[in-house]
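Colleague: I'd like to learn how to read a model like this one, feature by feature. Could you walk me through it?

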Amino acid sequence: MAKFMEGSYKNVEEKIYQAKSGWGVLVLSILLYAAAVVGVVFGGIGMDSGSAFGIPLFVVSMVYLCLGWILWCGLKVVRPNEALVLTLFGQYIGTLKKDGFFFVNPFCASFNPAAKTKLNQSGDVKPEGFTGIQVNTGAAAGEMVSNKISLKVMTLNNNRQKINDCLGNPVEIGIAVMWRVVDTAKAVFNVDNYKEYLSLQCDSALREIVRIYPYDVAPGVDTTGDGVADEGSLRGSSDLVASRIREKIQEKVAFAGLEVVEARITYLAYAPEIAAVMLQRQQASAIIDARKMIVDGAVGMVQMALDKINKEGICDLDDERKAQMVANLLVVLCGNRDAQPIVNTGSIY
């Protein structure tokens, strides 16, 4: 950030503009317009009658009728959680944050370079193939573009990105970022377009954090940077990953006067080209785990059966018969299908 401060760069600090109520100016301007109309009438009559005050009265009234509307340019309406960044001939004079009806210098201009930019938000209707940022020209849509800056908490739904995790596996991930403007001067003057800046920094921070984690828990992976392997993963540690993404985004956008309230992972999956293979891998792992559980249970049941036979004294089995009994029980208990019993009516010896 120090590099940005070198040379001719100027860091602008926010200052609150104290404006007066606009109702008095509105009423006064209307009364002056009415007086100007009356002055034009009586001035014209005076000119016809040769009065000395006819011409001056007529000229002054006509000048006000032509230029009196300039006062109305200084009337501003600010709603709750909105702000106006005001400049006077290129110089920043303050930010109007208080809601109400105000009068400011009529030659002041409200400035917001991101007014025509709409982010990919949850409430927006977006066409197919929307890229996350849309520039609305306003003229094409036949609507006026307001230069007011919203101070509300807004949601940015960034597009799904294909990123390689720490093991090199491509995954698709999407995030939703809740953010708001806290310093209007920095947002307007420190960056060219604070909405585009936020979107690009979200993409960058997401890539930086995702490449630290594996999709699933993997042995020998250090996700915390302390040199000790842990069990962190994108799927199992989603809250921790989202928190680190939020902190990384906040670190990048604080320069633009933005605050990241929260970040959440909205979509997480393997990329389509490896999704089928990874599904087979997960299925194989699940089958192995299930088989281990079945074998452990079967061995316990066989041990319990042998102990029961010995304790009750039902019969004496030598090692060969015990081995045969164990084998038969394991086949029955571990098989995928029901066993077909064979009844031996003769001697087993």
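Colleague: Let's start with C73: how exposed does it count at 33% relative accessibility?

Modeller: Buried means under 20% relative accessible area, exposed over 50%, and partly exposed in between, with a 1.4 Å probe and protein chains only. At 33% relative accessibility, C73 therefore counts as partly exposed. C166, at 31%, is partly exposed as well. Before we go on: this is a predicted model, in which local features need pLDDT of at least 70 and side-chain atom pairs count only at pLDDT 80 or more, while totals for chains, interfaces and linings use all residues. Residues are numbered from 1 along each chain as its sequence is written, and side-chain values use heavy atoms, leaving out hydrogens and water.

Colleague: How many disulfides does the structure hold?

Modeller: The rule asks for a pair of cysteine sulfur atoms within 2.5 Å. The structure holds zero disulfides.

Colleague: What about confidence: what is the mean pLDDT of the chain?

Modeller: pLDDT is the predictor's confidence in each residue, from 0 to 100. The chain's mean is 80, and 81% of its residues reach 70 or more. Helices (H or I, at least four residues) and strands (E, at least two) are DSSP runs, numbered from the N terminus. Where pLDDT is low, the predicted coordinates should not be read in detail.

Colleague: Now helix α1: what span should its 27 residues have?

Modeller: The expected span of a helix is 1.5 Å times one less than its number of residues. For α1 (residues 23-49) that gives 39 Å, and its end C-alpha atoms are 39 Å apart, which agrees.

Colleague: Which residues touch the most other members of the largest nonpolar core?

Modeller: A nonpolar core is a set of buried Ala, Val, Leu, Ile, Met, Phe, Trp, Tyr and Cys residues joined through side-chain atoms within 4.5 Å. The largest has 42 residues, and those touching the most other members are V177, W179, V181, Y194, L198, I249 and L258. Elements that each supply at least two residues include β10 (154-157), β12 (170-181) and β13 (258-270). Helix α4 gives the most, with eight residues. A second, separate core of eight residues includes V78, L84, F102 and V104.

Colleague: On to charges: how many salt bridges does the count come to?

Modeller: Side chains of opposite charge can pair when their charged atoms come close. Here a salt bridge is a side-chain nitrogen of Lys or Arg within 4 Å of a carboxyl oxygen of Asp or Glu, and the count comes to 10. In one of them, E208 pairs with K248, the closest N and O atoms being 3.6 Å apart. E208 lies in helix α4 (residues 194-210) and K248 in helix α5 (residues 238-253), so this pair ties together parts that are 40 residues apart in sequence. Both count as partly exposed, E208 at 24% and K248 at 21%.

Colleague: Last one, the backbone: what is the phi of N81?

Modeller: N81 has a positive phi of about 60° although it is not a glycine. N81 sits in the loop between β2 and β3 (82-88) and is partly exposed at 45% relative accessibility. F89 has a positive phi too, near 55°. This residue is in the loop between β3 and β4 (91-96), and F89 is exposed, with a relative accessible area of 73%.
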